[in-house]
Every structure is written in structure tokens, then in C-alpha cells.
Amino acid sequence: MKPTDIADPEYFHKVIDCQWACPAHTPVPEYIRLIAAGRYTEAYMINWDSNVFPGILGRTCDRPCEPACRRGRVDEEPVAICRLKRVAADNRDDVIPYMPQGPFTPNGKKIALIGAGPASLTVARDLAPLGYEIHLFDEQIKGGGFMRSQIPAFRLPESVLEEEVDYILRLGIHTHFKHYVSSMKAVLEQDYDAVFVGTGAPRGRDLPDLPGRQEGLGE
């Protein structure tokens, strides 16, 4: 390998298959080395920087990184990358000192986030330290969105969810829970510099022409 190879954007795609199979491109080899050295807090923070919810993903991710793991081609079984993420989360020390510390210098910009699921929470996590005034709206009583409403507690303990959501809310996010946004027009008429819609897809798509669809409804 020549030093100039790393400047090639295809280099990591060719060399670190698991990292590029991950939608967040989390630096898998780096945090696994830290876990092997017992440096769980550092491993957690590497994950937090990339994928925001390490403790949640360590329990619920569908692990696209593992089929791409080269150990699967050598040992016929990939490294348990997803579970190692949970190992870092479950064995870390207090991570708050390593996270952005507010209050942050305001930049004069105000952002509305519609929906308090993982998409909006990620936007809040990234923008709050830059000085944006973040207003988060959701009709539920707490943040988390799909992670809270659709993943059973035996798979994702509420304590883990609360902790990782609170890491973001503590950055000075203005929360408006139990607030259903019924009109985007009304939101756009307010003094927000930008609006992010992260409402997810809570309703499935109807397939009225699917054979047996009406019979299944008893109609």
C-alpha cells in the first residue's frame, strides 16, 4: 500500500468492507480494537459520533456490516459486530463529560423538528452544538419515535432508550411533547429558519387490489 492510496475515496471501500456496509460508515475496526483493549468508553464515543444510539443499535440493528465482514470468508463466521457495540455500551463509564457541553453560543438560527424519532433526534444532536435553537415537536409524551413505540421492552429496555434519548435532549433542545402538528402551513408561517420533517411512516400502504385483501377484512 502506498501512502497516497488513502487519498483514494475507493480505498476504504476496498479495504474495510464492514465499515462501508454500515449505513453510518461506523469505523468498525477502530472500536473493536478499543473494546479488545478494555477501553469501552472510547469505543462507545466512536459509535456515538457515527450512529448516535450505540446502546440501542447494539440490541436492535439488523447488522448489514456482518455479511460484509471478511472474517466470514476466512473463518466462515463473521465477527459479532453488532453485539460488540452493545458490549461497549453496557460496560462504558459515564460518557457525558465526553459529549458536547452547553450552553452553546447562539448563531441566531431557529429550527423546527417535526417528530421526535431517530431522524429528528440525530438532526438535533448535530445542530445544537453549532448554536442552532432547536424546537422538537411530537404528539407522544416522550422522545424516541419508532424506537419507543415499536420495539418491545424485552428487546430494548426502556432504561437504555431513555438514557440515549436524554443524551440529546440535554443539549438544550426545546421539547414540545404532546403537541400534534396538524398544519405544516402554520409551522412555516412561524419564524423558523428551517423545518425538518422526521415523522417516519407510521401507517402502512394499503394494497386494495391484492388478492384476498377484501376477504381478509371480512367484507
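**The largest pocket**

Reply: The largest pocket has 28 lining residues, and D138, E139, T199, G200 and P202 lie nearest its centre. A pocket here is an open set of points on a 1 Å grid over the protein atoms alone, where a 1.4 Å probe fits, with protein on both sides within 12 Å along at least five of seven lines; lining residues have an atom within 4 Å of a point. This is a predicted model, in which local features need pLDDT of at least 70 and side-chain atom pairs count only at pLDDT 80 or more, while totals for chains, interfaces and linings use all residues. Residues are numbered from 1 along each chain as its sequence is written, and side-chain values use heavy atoms, without hydrogens and water.

The volume of the largest pocket is about 730 Å³, counted as the space filled by probe spheres set on the points. Its lining comprises 13 nonpolar, 12 polar and three charged residues. Helix α10 (146–149) gives the most, three residues, and α9 also supplies at least two. Helices are DSSP runs of H or I with at least four residues, strands runs of E with at least two.

Helix α9 (residues 118–127) also belongs to a right-handed β-α-β unit with β1 and β2. Strands β1 (residues 110–114) and β2 are parallel, over five bridges; pairing takes at least two DSSP bridges.

How values were computed. A crossover is right-handed if, with the strands pointing away from the viewer, the path from the first strand over the helix to the second runs clockwise. Ala, Val, Leu, Ile, Met, Phe, Trp, Tyr, Cys and Pro count as nonpolar, Asp, Glu, Lys and Arg as charged, and the others, Gly among them, as polar.
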